[in-house]
Each structure stands twice: as C-alpha cells, then as structure tokens.
Amino acid sequence: MCLAVPGQVESIRDEAGIRMGRVSFGGVVKDVCLAYLPEITVGDYAIVHVGFAISKIDEHSAQETLRTFAELGILEESLAELRESDPATEPGP
Amino acid sequence: MKHLVEYRDADTARRLAAEISRIATRPWAIMEVCGGQTHSIIRHGIDQLLPAEVELIHGPGCPVCVTPLEMIDKALAIARRPEAILCSFGDMLRVPGSREDLLAVKAAGGDVRIVYSPLDAVKLARATPGREVVFLAIGFETTAPANAMAVQIAARERLANFSLLVSHVLVPPAIRAIMSSPGNRVNAFLAAGHVSSVMGTWQYPPLAEEFRVPIVVTGFEPLDLLEGIRRTVIQLEAGRHELENAYPRVVTERGNEAAQAVIAEVFTATDRAWRGIGVIPESGWRLADAYAAFDAEQRFDLGSVTAEESPLCKSGEVLKGVIKPNQCPAFGRECTPRMPLGATMVSSEGACAAYYHAGRTAHGTRLA
C-alpha cells in the first residue's frame with residue numbers, strides 16, 4: 001500500500017486550482033497531483049504514491065548514499081589487498 | 001530507471017551483507033514495520049543474505065492486513081446497495097469478510113470499481129451525480145495526503161454524492177504497542193521510508209528514547225534495506241538507541257509539511273482496532289467533525305455488523321511477529337492466495353502472500 005515509485009516531472013499545469021503534472025516512470029507517463037510539492041520543477045524526480053507526489057528526491061543525498069556504498073566496497077577490497085600483501089594478517093583456516 | 005537500479009546492484013548487496021556479518025556478534029531481532037519492505041526482503045532474499053545472528057521480524061505495516069473485519073463487512077454492506085459505487089484500491093477486493101469478499105459482491109451485481117488514486121473516485125462522483133460514490137480509504141500515513149485532498153476537493157465542489165469509509169492507521173502507535181506487548185522480542189526497528197517521507201522523522205526520537213530501541217528510517221530497494229540493517233546492527237552492537245535516517249534522498253526530519261497541514265485539517269486522531277492485534281489507542285485517523293458529511297459510516301445505515309474470523313487463521317500472530325507465515329498450520333494448505341483465510345495472504349504486502357509467492361514452505365528454506 002505504501003508502494004511509491006520515483007518518477008521524473010515532464011510538465012506542470014494548473015487544473016481547476018490544483019497543481020498537476022505529467023510524470024514519467026521509465027517512459028510510462030501518468031497524471032500526478034503535485035500540490036504537495038510546491039517547489040518541484042520540470043526535470044526533478046519525485047516519489048509518487050496513489051497519484052500524488054509526496055517527496056522530491058534529493059540528488060545530493062542520493063549521491064552521498066551511493067558514495068557510502070562505494071566506500072564500503074573500497075574498504076573491503078583494500079582490506080583484502082592488505083591481507084594478500086601481508087601473510088602475517090591472514091586469518092587461520 | 002533512475003533512483004531504482006542504482007540500489008539493486010548484486011555485488012554491492014553482497015558487500016553490505018558481508019559487512020553486516022562482520023559486525024554482528026550477538027543475536028538481534030529487527031522488525032521491518034512496513035509490508036512493502038517485507039515483500040522486497042522476501043522477493044530479493046535479503047533475509048537469506050544475512051548472518052544467523054540477524055533475524056528479521058515482519059511487522060504489521062500492511063494496511064489491507066490490519067483493516068478490521070468489521071470494516072470489510074461494512075464495505076461489503078455498502079457495495080451491495082444498488083445506489084452505491086464502491087471504489088477501492090485493487091488490494092482490497094479479495095480480502096475475506098465474514099462471509100464473502102468484494103469480488104463476490106461484484107460478481108453478484110454490486111458496483112465495485114478499482115481505482116488508482118482517490119482522485120479517480122472524486123472524478124467518478126462528478127460524472128455520476130445520481131449515484132453514491134464511496135471510497136474505501138484505508139492506509140498508513142503515506143496514503144493520507146491523497147485521501148485528505150480528495151475530501152477537500154469534494155468539499156470545495158460540494159459533491160454531495162461522495163463519501164469515504166475511513167480506516168486509516170498510524171505507525172508510531174503500532175511501534176509503541178509492539179514494544180509494550182508481553183513477550184516482545186524486537187530489539188530494533190527499520191522505520192517505514194514512505195510513511196516518514198510524509199510525516200518526517202521528528203516523531204521517532206522520543207520512541208527510541210522511551211523504549212531504548214534503535215530506529216532507522218529505511219528505503220525499499222535491496223541496498224536501502226541492507227544499509228538500514230547495517231546501521232541498525234552497528235547501533236545494537238554499540239548499545240546505542242538513536243534515530244537514524246538511512247533514506248535521506250526521500251526523507252527529511254520535518255517531512256512534507258504541506259501534506260501534514262491538509263491531513264491535520266481533514267483528519268483527527270482516533271482509537272483503531274487492528275485486525276489480529278486488537279484496539280490500539282489513538283492509532284488511526286477518522287474524518288474531523290468539520291468533514292463528517294463525507295463520512296460513509298454516518299451517511300449509510302449499516303445496521304449492526306458482527307464479524308467472525310476464521311478459527312484456522314493465525315494472521316494476528318504473524319502481524320505481531322510471533323510466528324513466521326510458514327509456521328501457521330494452514331499456510332499453503334487451507335490458506336492460499338486463491339482461497340485466503342486472512343488478509344495477510346491476500347495483500348501484495350502481506351507477509352503470508354510474500355512467503356507463498358517466494359515458495360517459502362518452511363522457515364529458511366526455499367522451493368526450487
């Protein structure tokens with residue numbers, strides 16, 4: 001029920017006093033109510049639930065999260081390299 | 001699709017799981033509150049990537065599952081009325097009432113329609129002034145902004161033939177009820193990301209403090225879930241109990257204040273009965289008195305509705321995390337998605353349906 005998917009705002013219009021927009025979900029375009037995101041503009045991504053955009057996706061935070069994942073991977077790899085280069089730190093069987 | 005595929009990388013998932021294995025030294029039980037997360041966990045096999053120390057307990061965050069039988073029976077009673085058009089999200093159609101489901105009422109001639117958005121129901125009310133259009137408004141905080149705006153629009157347009165059968169429920173009182181229940185084994189919570197996108201994270205620190213329980217706001221993709229679990233285990237191992245936000249691209253501390261304002265205008269807090277759990281004080285929303293004219297329970301005389309649960313169904317214990325779905329004797333036998341005994345086997349977010357579709361016949365095993 002709380003299923004909500006990210007989509008990109010393609011256009012914004014006023015419909016009887018309500019802020020509405022066309023939002024693309026990987027090419028599938030739907031009418032979405034944008035009334036709860038007064039600051040959103042064309043090109044932005046939003047999380048959409050039952051025809052309502054409820055949250056603008058923050059690109060900066062998205063990049064930060066992906067960087068955390070990348071660093072975890074790098075850390076893991078560098079530890080493995082360290083173990084390979086120094087047999088003394090090799091864990092026992 | 002952008003903002004989805006980046007969070008599904010199998011290699012990174014394995015690294016996150018390895019990191020969780022590295023830091024977990026003691027057994028921990030973590031509850032994911034939201035049914036959407038339960039489905040993602042089972043579908044992607046996240047629980048099977050985790051070390052034996054970390055157990056995921058599936059929480060009650062499936063609105064279809066916790067909607068009380070009395071409410072389903074009321075929806076059925078409305079759907080049988082010739083003047084009524086009952087509009088609902090698709091999930092509700094096969095939820096068994098005491099004797100039948102909405103699909104059976106539809107087959108018998110009742111006008112039951114699936115809508116994508118509550119605004120579709122408003123549109124239908126506009127187009128069919130001679131009929132009573134009733135929207136079955138169930139859901140958690142995520143769905144409330146949509147339902148609240150539907151009511152506001154109907155009020156502005158004076159749509160006299162539109163009403164809502166409201167059964168809204170809330171996450172924080174459910175966390176409180178779980179932590180206060182005798183025999184509780186939950187050590188930490190993954191808080192529901194989309195509920196938090198509407199409500200913000202400010203309501204969680206007092207709960208984390210009161211129950212000394214880590215609460216980590218978490219998203220729905222595999223990497224989001226693993227990151228939420230990783231942060232939770234770090235807190236547990238360190239003996240900390242704080243609110244953390246592991247879904248910052250979508251969730252802010254304050255949440256969506258425009259949506260909160262409309263919710264506060266249209267809805268007011270009320271005690272709610274949760275199917276399989278019982279009454280939780282102040283755990284839901286009903287229409288505020290100013291919008292009582294749009295309340296289907298007041299508009300229609302529904303008589304006295306007495307509900308009877310299937311004696312075989314153990315969905316209450318599943319919803320509280322006491323048993324896993326495949327520990328119920330009826331699972332996959334008397335109860336299947338085609339012939340469900342309880343709502344947890346129906347909904348796309350129900351834990352029983354998630355286990356059934358993933359072929360999990362016994363705990364920890366998987367059918368080929």
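## Exercises on a two-chain model

Chain A has one helix and five strands; helices (H or I, at least four residues) and strands (E, at least two) are DSSP runs, numbered from the N terminus. This is a predicted model, in which local features need pLDDT of at least 70 and side-chain atom pairs count only at pLDDT 80 or more, while totals for chains, interfaces and linings use all residues. Residues are numbered from 1 along each chain as its sequence is written, and chains are lettered from A and ligands numbered from 1 in the order in which they are written.

### Exercise 1

Task: Find the order of the elements in chain A and the share of its residues that is buried.

Solution: Begin with the order. Read along the sequence, the pattern is β-β-β-β-β-α. Next comes burial: a residue is buried if 20 or more other C-beta atoms lie within 10 Å of its own, exposed if 12 or fewer, and partly exposed in between, with C-beta atoms placed from the backbone. By that rule, 32% of the 93 residues of chain A count as buried.

### Exercise 2

Solution: Start with Glu15(A), which lies in β1 (residues 5-15). Then step on to Ala16(A), in the loop between β1 and β2 (18-25). Finally, check the backbone: phi of Ala16(A) is near 50°, a positive value in a residue other than glycine.

### Exercise 3

Task: Describe the side of chain A that touches chain B.

Solution: First, count: the contact takes 29 residues from chain A and 40 residues from chain B, where two residues are in contact if their C-beta atoms, placed from the backbone, lie within 7 Å. Second, locate the elements of chain A that give two or more residues to this side: β4 (45-49), β5 (52-56) and α1 (59-85). The largest share, eight residues, comes from α1(A). Third, sort the residues of this side into 20 nonpolar, seven polar and two charged. Here Ala, Val, Leu, Ile, Met, Phe, Trp, Tyr, Cys and Pro count as nonpolar, Asp, Glu, Lys and Arg as charged, and the others, Gly among them, as polar.

### Exercise 4

Task: Work out how helices α7 and α8 of chain B pack.

Solution: Helix α7 (residues 118-127) and helix α8 (residues 144-156) of chain B have axes 8 Å apart, at an angle of about 20°. Axes are lines fitted to C-alpha atoms, for helices over the stretch in contact, and angles run from 0 to 180 degrees between N-to-C directions. That angle makes α7(B) roughly parallel to α8(B), as angles under 35 degrees count as roughly parallel, over 145 as roughly antiparallel, 65 to 115 as roughly perpendicular and the rest as oblique. Now look at the residues: Pro118(B), Leu119(B), Ala121(B), Val122(B) and Ala125(B) in α7(B) meet Ala146(B), Asn147(B), Ala150(B), Ile153(B) and Ala154(B) in α8(B). They divide into nine nonpolar, one polar and no charged.

### Exercise 5

Task: Find how many residues of helix α2 of chain B are buried, and name them.

Solution: Eight of the nine residues of α2(B) (35-43) are buried. They are Gly35(B), Gly36(B), Gln37(B), Thr38(B), His39(B), Ser40(B), Ile41(B) and Ile42(B). Just after this helix, Gly45(B) takes a positive phi of about 65°.
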